[in-house]
Number of protein chains: 2
Amino acid sequence: VDAGGASSYRPTMTASWTPPIGIPGGTDTPDLVVDLDVVESNIARIAKEMARRGVDLRPHFKTHKSLRIARLQLEAGAVGVTCATLAEAEVLVAAGITDVFVAYPVWAGGAKAARVRRLHELGRLSVGIDDEVAAGVLGEAVRGSRARLSVLVEVDSGLRRSGVGGPDDAVVVARACRKAGLQVSGVFTHGGHGYGPGAAEKAARDEVELLRVVGDALADDGFEIATRSAGSTPTALRSAMGCVTEERPGTYVFGDWQQSVLGSCAPDGVALIVASTVVSTAVDGQFVIDAGAKTLSKDRPDWLPGHGYIPRFPGALVARLYDHHAACEVSDGAARPAVGEIVGVVPNHVCPVVNLARSLTVVRDGRVMDRWPVDAPARNT
Amino acid sequence: VDAGGASSYRPTMTASWTPPIGIPGGTDTPDLVVDLDVVESNIARIAKEMARRGVDLRPHFKTHKSLRIARLQLEAGAVGVTCATLAEAEVLVAAGITDVFVAYPVWAGGAKAARVRRLHELGRLSVGIDDEVAAGVLGEAVRGSRARLSVLVEVDSGLRRSGVGGPDDAVVVARACRKAGLQVSGVFTHGGHGYGPGAAEKAARDEVELLRVVGDALADDGFEIATRSAGSTPTALRSAMGCVTEERPGTYVFGDWQQSVLGSCAPDGVALIVASTVVSTAVDGQFVIDAGAKTLSKDRPDWLPGHGYIPRFPGALVARLYDHHAACEVSDGAARPAVGEIVGVVPNHVCPVVNLARSLTVVRDGRVMDRWPVDAPARNT
């Protein structure tokens, strides 16, 4: 991630910052505890903001991978769901959530050909595309279907991951799609270069500008560009303007430490905390919790000093992650919890953390209401 | 990880280094492809080396999480299995693999109390301990069982993660165990500070020395120390000497890029490769594959430059991981694969990669023999 030259940036950790999530008694750790009041408030807030702007909301499924939460988002007005893989789309479509955009440059060769075709025939599928050859393969996969498969051309607004670089390349890809029998219905981008301190404002402008230039070029070339879709939680509210018709944020539903530091998530917007138990204080200057890399993941942008944030011990640095241990360093003389205490960790990036879990412990007012399955863990193909 | 001052170390990537794993046709990517011939050879080699030294082998389950592979290890002479969590132990015991050591400072409070007790009554369980208070809680959990629960005192040989620092603290913890009705049957350590270029030799010496000093102190205090157990793939062959009675390597069964660079795994010892498809070449100077952080994990020691190694494109740097993309950078003019090509990636650290998967595609001579489940994915509690 290009953090805008902010590699020396250190977030301020304040003792007053406490997400409003109580860890219920009897929790077997490590466990993901989700406050449903906060989830609902996050869903309602973004839905309202998008409605006010007249912009469609198509939240990303990869954050929560929960059919229950996807339905809450749809009930709050989302026009459909975004996902990253065919396997996620299969989980959604099988559950009756059929308006699905796979925001990924799908290569529909091999085993994926029949899977794309089946999803297209069962649901209202659209997929991303950034390559002429891939367009031909995708067209071949759905040849002879009752309807044309909708595709959105991916454009790179600055992340330098995937997506064509500008209008000329977009026209080449769109024409290849048309030739392959696909329906070019829009353009999309992911302003992921906004994941850095102070970087979101420019990334949002980049998204809007690219979607305008590339969308207009395709329209000029005779394509009916109904959708101009931007994504990412840091940029979602900033780029929902001008030509943009749709936003695809994901992380907003739970929030995380990264979004908190970036200012895209208020302290009271953190809806998920990792409950963990202190298992060792044998080594001086630290305590060890049972949420390791197989729970918290090692996702850490270089502008965050640790592997999560512990609100009850704001001076503790989640310094080193092993598969099943996190060593949390405290400065000389600072308080540390005792062995056996349960502490909550706000994860750096919530998406891979949910992917590592099997269920979410759902609470309201600190009381367990339910356990919801993670419906699409490790659905990567 | 203390890499022994080697943060500027860069491994040599040579075009000639190719693990002998063919990716079978029809693979739906991303997928983990395991060469069973190599697995069997790795298992046989370490079993033979340990037998020659008269040291027991108790391989770590967390690497493969496969009951099939655990049985291969036991058939080759392993005395039992090591695991990290009660949930892993439950999978093993339910499958009839009952001699299980949980090499972890288990806090047996809350929901874990009944689980520890049940495992102890069903199998031949032993667990790690490094704390007086935790010893009391563990003793309470198994109070009244037909037999005493076996515990091994964890000692810190230099990793600074968990484990008591020396003989005096070990005696305190062991006495607390005895008072709690537990059977102190040994000491164990994990020389994880050997995970750095040139660091294994010293880490192995540290393991042997600590197990000697602490084991002798406990013996002098009247404890019957039957087991002095060391762990880690880099140190396993080096510390299997002197007072050490048992080794607990895990990664040796598959190997990975980290172990290859460290010299603990020969090129022909890499048994697992991540099959991935090139999904985008839209951005100059790179290609993007569909094995992202949710497949490869973000495990990267600072002495490895990228997030894996691609034998067919040895000059490519797996530079940036996103949840479902890896951007692989190539130097100007260097070859890059075309969109749709399938390439194999040797992961940095294989343990979290297997944990992210649901199954292993098992091959011999490049032909698919079977798909084996990952039997204990995300069993973190």
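Colleague: Leaving aside neighbours within four places in sequence, which residue of chain B is in contact with A:Thr295?
Modeller: This is a predicted model, in which local features need pLDDT of at least 70 and side-chain atom pairs count only at pLDDT 80 or more, while totals for chains, interfaces and linings use all residues. Residues are numbered from 1 along each chain as its sequence is written, chains are lettered from A and ligands numbered from 1 in the order in which they are written, and side-chain values use heavy atoms, with hydrogens and water left out. Contact means heavy atoms within 4.5 Å, and A:Thr295 has such contacts with A:Pro30, A:Val274, A:Val353, A:Leu356 and, from chain B, B:Asn380.

Colleague: What is the distance of the polar contact between the side chains of A:Thr295 and B:Asn380?
Modeller: A polar contact is a pair of N or O atoms within 3.5 Å; within protein, one must be able to donate a hydrogen and the other to accept it, and residues adjacent in sequence count only if both atoms are side-chain atoms. The side chains of A:Thr295 and B:Asn380 are joined by a contact of this kind, at 3.5 Å.

Colleague: Is A:Thr295 buried or exposed?
Modeller: A:Thr295 lies in helix H10 (residues 293-296) of chain A, where helices (H or I, at least four residues) and strands (E, at least two) are DSSP runs numbered from the N terminus. Buried means under 20% relative accessible area, exposed over 50% and partly exposed in between, with a 1.4 Å probe and protein chains only. Because its relative accessible area is 7%, A:Thr295 is buried.

Colleague: Why is A:Val106 called buried?
Modeller: A:Val106 is found in the loop between strand S4 (99-105) and helix H4 (112-122) of chain A. Not counting residues up to four places away in sequence, A:Val106 touches A:Leu86, A:Val116, A:Val127, A:Gly128 and A:Ala134. A:Val106 is called buried because its relative accessible area is 5%.

Colleague: How far apart are the C-alpha atoms of A:Val106 and A:Ala134?
Modeller: Along the chain, A:Val106 and A:Ala134 are 28 residues apart.

Colleague: What is the relative accessible area of A:Gly194?
Modeller: A:Gly194 is placed in the loop between strand S7 (183-188) and helix H7 (200-220) of chain A. The residues touched by A:Gly194, beyond those up to four places away in sequence, are A:Ala199, A:Ala200, A:Ala203, A:Pro234 and A:Leu262. A:Gly194 is buried, and its relative accessible area is 1%.
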